[in-house]
Amino acid sequence: MSKRILALLLALAMIVGVFAACGDSGNNSSSGGNSSTGSTASTEGGDSSTEGGDDSEPSNVSQGPDPTDEFYAFTCYWYYDWAGIKDWGVDAASKYWGEKFNVDVEFSKPDADPDSKLNIMLTGGDLPDSMILDRGRVLNSAARAGALVEIEQFMYDGCTFKEDISEVSRELQKVDGKLYGVPNWARGSEAVATGGNYGWIINTQTYEDVGSPPLNTMQDLHDYCVKVKEANLNSYTGQSIIPFATTNTNNGFYIYQQFYRSMGARNLVEQYFTQENGKLEICVREPMFVEALKTANQWFNEGLWSAEEFTDDGTMWEEKMTNGRPALMWYDFSQDDSNNFRRVTRENSNGEVSYEVLGDPNSEITKDFPMFPKASEDVKVCYGDENGVIGWNVNVITTAAERPQRIFDLFAYWVSEQGSKEILYGPEGGLWDGTDENGIPKLTKPYADITSDEMNAAGAWIWTQPANSDYIDAIKFAVNEQQPADKRNWVVSLQADLFSQSKENPHEGTKFITDQNTGLTNVLDPQEDLGIKLKAVQDELQVRLPQILMAKDEAEFNKLLEEAVKTCEDNNIDDILAAWQAQYDKNIEVQGFDGYDPAYIGEVYGMDLS
């Protein structure tokens with residue numbers, strides 16, 4: 001694998017060059033596209049605003065961090081309607097940061113329809129001071145509307161941001177050559193994909209109640225859910241058991257995602273596009289995706305999951321989990337480090353109920369099952385998640401901010417090595433005291449003995465926006481290794497032992513490195529014809545896919561599917577696909593290989609896929 005990884009590292013630098021070269025292409029459709037917003041940062045160096053017009057470094061970089069002698073309260077708006085809003089200053093971590101930076105942060109989110117809410121903000125000028133946005137279409141729209149402040153101007157000499165966030169990641173984040181966002185969960189260009197999130201999770205009590213059946217295939221999972229439904233079981237809190245559930249979703253993604261991948265499919269692109277055989281396609285025209293929808297629809301009509309997937313908010317979903325109601329979940333197990341769904345369930349049930357991830361080598365119940373059961377014997381490989389350097393979403397600062405440097409200073413601190421320690425375990429003197437010779441925090445007691453109340457009081461894992469993948473993974477893996485085997489962190493052990501790419505123990509289903517889908521959403525200007533039509537396609541599928549998943553019979557399923565296809569085609573989906581395909585092909589050419597090439601993925605997984 002070393003030659004391919006070396007090729008990848010060289011390719012990343014070349015991809016950066018490609019994006020930097022085409023950043024000022026003249027395709028921007030608003031005055032905000034190629035110029036700084038002109039916002040003034042209050043710093044020791046005075047006015048640190050810049051005047052744009054090209055892709056060069058800002059001419060007036062601030063001379064230092066914003067002085068903290070004056071209190072500053074600012075607002076931060078989550079783009080996502082599912083976000084769980086926390087109160088600043090209640091836990092030890094946010095209280096410590098509030099004192100350190102002399103700030104108060106008020107978070108908010110939309111109740112529904114995030115795009116409409118954001119559009120009203122952008123057109124009406126009623127902006128929060130900072131926002132948490134999706135990369136691609138959403139970030140591009142805000143930047144090109146002139147609503148955001150370019151952040152390179154705040155990177156004063158001595159600021160560690162340039163070391164904490166790699167040049168590759170910073171360049172790939174840029175919109176029209178300008179850096180507007182502090183990336184969340186970005187990483188450097190190292191060759192190993194670490195971490196892990198979504199997996200199949202079973203309720204241990206329910207599993208035992210129905211006879212502990214085998215869970216080797218998707219059919220096995222289906223049969224397990226049917227047994228649960230027929231048994232008419234109640235949870236430890238006396239509430240009805242739900243055969244299958246996943247996190248609340250507005251478009252069905254977390255329902256259809258793994259049904260699709262279980263068929264040997266590649267990962268979906270931007271939730272609605274497929275990439276089979278290296279060719280991008282809208283999902284509703286991909287036969288394998290349609291089969292996945294049919295399977296999920298069958299489960300729905302058999303009463304194995306309900307419409308509450310689309311009506312629950314985050315709090316309702318967490319209550320279902322902690323009350324021990326789901327028998328089978330497709331869920332981000334790493335959330336146990338923030339919402340403590342497993343920890344709380346175990347504590348409240350006096351250890352009678354737990355959740356275990358399929359394939360977990362440390363679980364006596366699930367270690368012998370595949371982490372991703374396949375739909376049939378014909379499926380050669382079930383892929384894990386793609387892992388690139390660019391990360392997930394971004395924290396941005398708007399033109400409404402009175403002290404943008406102060407906001408940047410806080411965000412930059414969170415992606416620093418020290419900030420990462422505090423994100424993980426709260427400020428020093430609480431859950432940890434001092435570090436070892438490698439700078440790794442030393443916990444004051446074994447991790448497994450820390451209660452959910454203690455975690456919440458410390459602010460551990462609450463403030464992970466933005467966060468630095470490299471620091472977080474390195475620190476938490478090292479801390480976990482310090483613990484006795486029976487006291488280690490469940491999430492970290494899963495990520496280290498099952499979901500992270502491993503050269504020593506390669507196995508099917510781990511994450512793998514590829515950036516072949518990078519920059520696709522930057523190709524089309526959202527304010528021009530094809531960009532507007534792309535948004536219409538996405539809006540259609542957001543509404544239509546849940547309807548298809550819950551269709552009452554085959555006739556309704558086919559009718560809704562045909563309507564979705566027609567809407568996509570009426571909105572020039574083939575032209576959209578052609579534009580994206582050109583960038584996709586360029587990424588693969590520069591990268592030097594397709595991340596799904598049997599030779600490459602075979603090396604990563606230790607499998608012969610020839």
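**Reading a predicted fold, feature by feature**

User: Which residue takes a positive phi just after α21?

Analyst: That's Gly 592, with a phi of about 100°. Residues are numbered from 1 along each chain as its sequence is written, and side-chain values use heavy atoms, with hydrogens and water left out.

User: How many residues does helix α21 have, and what span should they give?

Analyst: The rule is 1.5 Å times one less than the number of residues. Helix α21 covers residues 573-591, which makes 19 residues, so the span should be 27 Å. The C-alpha atoms at its ends are 26 Å apart, and that agrees.

User: Which residues of α21 are buried?

Analyst: Buried means under 20% relative accessible area, exposed means over 50%, and partly exposed is in between (1.4 Å probe, protein chains only). In α21 the buried set includes Ile 573, Ile 576, Leu 577 and Trp 580. Further along the helix, Tyr 584, Asn 587, Ile 588 and Val 590 are also among them.

User: Now two helices together. At what angle do α2 and α15 cross?

Analyst: Picture each axis as a line fitted to C-alpha atoms over the stretch in contact, with angles from 0 to 180 degrees between N-to-C directions. Helix α2 (residues 92-101) and helix α15 (residues 417-425) cross at roughly 145°, and their axes come within 9 Å. For contact, look for heavy atoms within 4.5 Å. Ala 93, Tyr 96 and Trp 97 on the α2 side meet Gly 419, Glu 422 and Ile 423 on the α15 side.

User: How many salt bridges does a search of the whole structure find?

Analyst: You're looking for a side-chain nitrogen of Lys or Arg within 4 Å of a carboxyl oxygen of Asp or Glu. The search turns up 30 of them. Take Arg 342 and Glu 356, whose side chains meet at 2.8 Å, N to O. Arg 342 is in helix α13 (residues 341-348) and Glu 356 is in strand β12 (residues 355-357), so this pair ties together parts 14 residues apart in sequence. Arg 342 is buried at 9% relative accessible area, and Glu 356 is buried at 9% too.

User: What separates Asp 539 and Lys 535 in helix α19?

Analyst: About one helical turn, because they are 4 residues apart in α19 (residues 529-549). Lys 535 counts as buried at 18%, while Asp 539 is partly exposed at 32%.

User: Which residue forms a salt bridge with Arg 544?

Analyst: Glu 563, with the closest N and O atoms 3.4 Å apart. This pair links distant parts of the chain, from Arg 544 in α19 to Glu 563 in helix α20 (residues 554-570), 19 residues apart. Arg 544 is buried at 17%, and Glu 563 is partly exposed at 26%. Salt bridges can also join up: Asp 66, Glu 70, Arg 403 and Arg 406 are linked in a network.

User: And rings? How many aromatic pairs are there in the whole structure?

Analyst: A pair of rings is described by the distance of the centres and the angle of the planes. Rings of Phe, Tyr and Trp (its six-membered ring) pair if their centres lie within 6.5 Å; planes under 30 degrees apart are stacked, over 60 edge-to-face, the rest tilted. The search finds 45 pairs. Phe 244 and Phe 259 have centres 6.2 Å apart and planes at 80°, so they are edge-to-face. With Phe 244 in strand β8 (residues 242-246) and Phe 259 in helix α9 (residues 253-261), the pair ties together parts 15 residues apart in sequence. Both Phe 244 and Phe 259 are buried. Tyr 260 and Phe 289 are edge-to-face as well, at 5.5 Å centre to centre and 70° between the planes.

User: Last one: where is Leu 148?

Analyst: In the loop between α4 (137-144) and α5 (161-164). Leu 148 is buried, at 0% relative accessible area.
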